[in-house]
Amino acid sequence: MPAPNIPQIRLYQDWLRKTRGLAFDSYDALWRWSVTELDAFWQSIWDYARIESPTPHTAVLAESRMPGARWFPGAQVNYAREVLRHVDAAHAAGMPAIVSDNELGEVREMSWPEMRRQVASVALTLKSLGVKRGDRVAAYMPNVPETMVAFLACSSIGAIWSVCAPDMGTAAVADRFRQIEPKVLIAVDGVHYGGKPLDRSAVLQELRGQLPSVQKLLLVKSPYAADAVPHDVEWTQAIARDDGEIAAFEPEWLPFDHPIWIVYSSGTTGLPKPIVHGQGGIILTMHACGLHNDVGASYGANNFGERYHWYSSTGWVMWNSQLSGMAFGATICIYDGNPAGSKEKPDWSVLWRFVARHKVTFFGAGAAYFTNCMKAGLVAKECGDLSRVRALGSTGSPLPEEVQRWGSKQILDAGSKEVWWCNISGGTDFCGAFVGGNRDLPEVPGQMQCRELGHAVEAWNEQGQPVIGEVGELVCTKAIPSMPLYFWGDEGNARYVSSYFDTYPGVWRHGDWIRIGADGGCIIYGRSDATINRQGLRMGTSEIYSAVEGLPEVLDSMVVDLEYLGRDSYMPLFVVLRPGVALDDAMRAKINNAIKTSLSPRFVPNDIFQVAEIPRTLSGKKQELPIKKLLLGQPIEKVVNREAMANPGSLDWYVAFAAQRASA
């Protein structure tokens, strides 16, 4: 018998009616209640998700200011408990916890009891290495089961987790981890990616040298390392225990606002922002967002056999979303590798074949991924049996209407009975989604269906007034539990406030353009600030400048990302070179290589242009946002005040360049 698959959000509304006597005649009415009656809504999520605490909370929202909201004081929780409470029921139903695959076709299945045993073993290993509650554990790991186990082990003992993907360069990883002073580093010495084995042993040794706080290295060995890396414990030892202490192991109860992890989001200046989230805030928002993402327990009758896959690297917040599938009791399917095959042999069918092979029911990826599949002429039905797919998920950048229509046709032609698109937009900053899906609402290709419950999202015009049917700044006017506790090492919350609350004090400004329709449907148009967004991975322009301007030939540089709804992301880099240096192929290759090795191949620009000057304000700031707006078609007089510029004459070249682009 196929699972009935009643939408999670409908089940929640049925529960509200039965237990609270609350009935709403429309989603809009339900949403308005959720953002007006914050205490009642978030208490309902706590109760509906059956979150447990050995001590009662004294309030839901004790202080409602932003930043600095205080949620559920007195309560104690642990993310690992949310996951491990499913072990017995899921195992009894024959469902695995994790199915993993990679470029070499090496498939592994991890059972729920085995996952619980490994989590306990690694947790006790970390304790033996001196890790205590509140210590930071940094991971340099790919998207493999070991990374999931390592995170759950950290959470279970109250250590603070932080991960970077091995496709990131040494400088980018060191810039992140050095700020948080980790005590232990968990790292892999090699990976297989893009059709090639990649040795990471030298990077690892270099990283260790740049992280003086690291006392112990827990090494995950691969067949790809050229050199032996000195380490304290090997992963196979860390997971080896299976004794009475392991059987009796339970995750610790932690205060609601105990830090769970540190993730990184980059602004346009300075080092990446080390964003600290709280255990309880993440758990609560995860359960609220789960109603919209519509993923259920694989062992329950409603979602029997659910298999959840959202393609991600460990460097993207969608890795955290993939992880959350286990907290809902679902089997998660993870792929470690390049979704496009290799540079020499591009293959956009990789994930579709993975989805078919492992009977995935929910298939999510970045919007740019689906766009590339369409452009490559992919035919989904040639990739295997896709009849189990019931949902497609998209995020990371705006999904054009024609791509959504193409994807629906592909999956239906490949044997699926029906398909629902879960198009979401949120952020690393609060580890959630502001706008997303609702299986009970009609779908309009190219739109997201609704603002998510508990998220008071509005579009504001230049006067700071909410607008409907017009493009405006995406703001959130009320606190949500997963907003950051603080930034690590941020004296007096200065960076935190300037990142989100500078423009509108007390109101979160996210940095996206959004249009909210009269029907509640939302369209995200791209970044409203100068941050770079490549396939959902955000990078501060400052990180690109430090890589490029570290070259002796480069005097100055500026990069803009012209990601905007329905257009390909186009990222030009403008450089001022030393007198006598020409921008030839060798120089281009040198610049691209500097970005590749310092940051990641994702941030290599589409084009590089040699210019005489970079436009700057009187205070010396690069004019990234005005140039971005100019290149997106806005008139120069609307986007920049020449009198506030140090070098207004520099604009002429960019105006001519914008005109040339527009006519082309």
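Student: Which residues is Met326 in contact with, leaving aside its neighbours within four places in sequence?
Tutor: Met326 touches Val83, His86, Ala97, Ile98, Trp112, Met115, Met148, Leu152 and Ile332. Contact here means heavy atoms within 4.5 Å, so each of these has a heavy atom that close to one of Met326. Bear in mind that this is a predicted model, where local features need pLDDT of at least 70 and side-chain atom pairs pLDDT 80 or more, while totals for chains, interfaces and linings use all residues. Numbering starts from 1 along each chain as its sequence is written, and side-chain values use heavy atoms, leaving out hydrogens and water.

Student: What makes the set around Trp42, Tyr79, Met115, Ile186, Met326 and Ile591 a nonpolar core?
Tutor: A nonpolar core joins buried Ala, Val, Leu, Ile, Met, Phe, Trp, Tyr and Cys residues through side-chain atoms within 4.5 Å. Buried means under 20% relative accessible area with a 1.4 Å probe, protein chains only. The largest such set has 191 residues, and those six have the most contacts inside it. Helix 6 (residues 112-128) gives this core its largest share, eight residues. Helices are DSSP runs of H or I, at least four residues, strands are E runs of at least two, and both are numbered from the N terminus.

Student: Which residues does the second, separate core include?
Tutor: Leu351, Cys373, Leu378 and Ala414 are among its 30 residues. Cys373 also sits in helix 15 (residues 367-375), where Ala367, Ala368, Tyr369, Phe370 and Thr371 are buried too. Their cover includes helix 14 (350-357), strand 18 (362-366) and helix 16 (401-413). Just after helix 15, Gly377 has a positive phi of about 75 degrees.

Student: What makes a residue part of the lining?
Tutor: A lining residue has an atom within 4 Å of a point. For the largest cavity 37 residues pass, with Val317, Met318, Gly426, Gly427 and Gly432 closest to its centre. Helix 12 supplies the largest share, six residues.

Terms used:
Buried means under 20% relative accessible area, exposed over 50%, partly exposed in between (1.4 Å probe, protein chains only). On a 1 Å grid over the protein atoms alone, a cavity is a set of points where a 1.4 Å probe fits but cannot get out, and a pocket is an open set with protein on both sides within 12 Å along at least five of seven lines; lining residues have an atom within 4 Å of a point.
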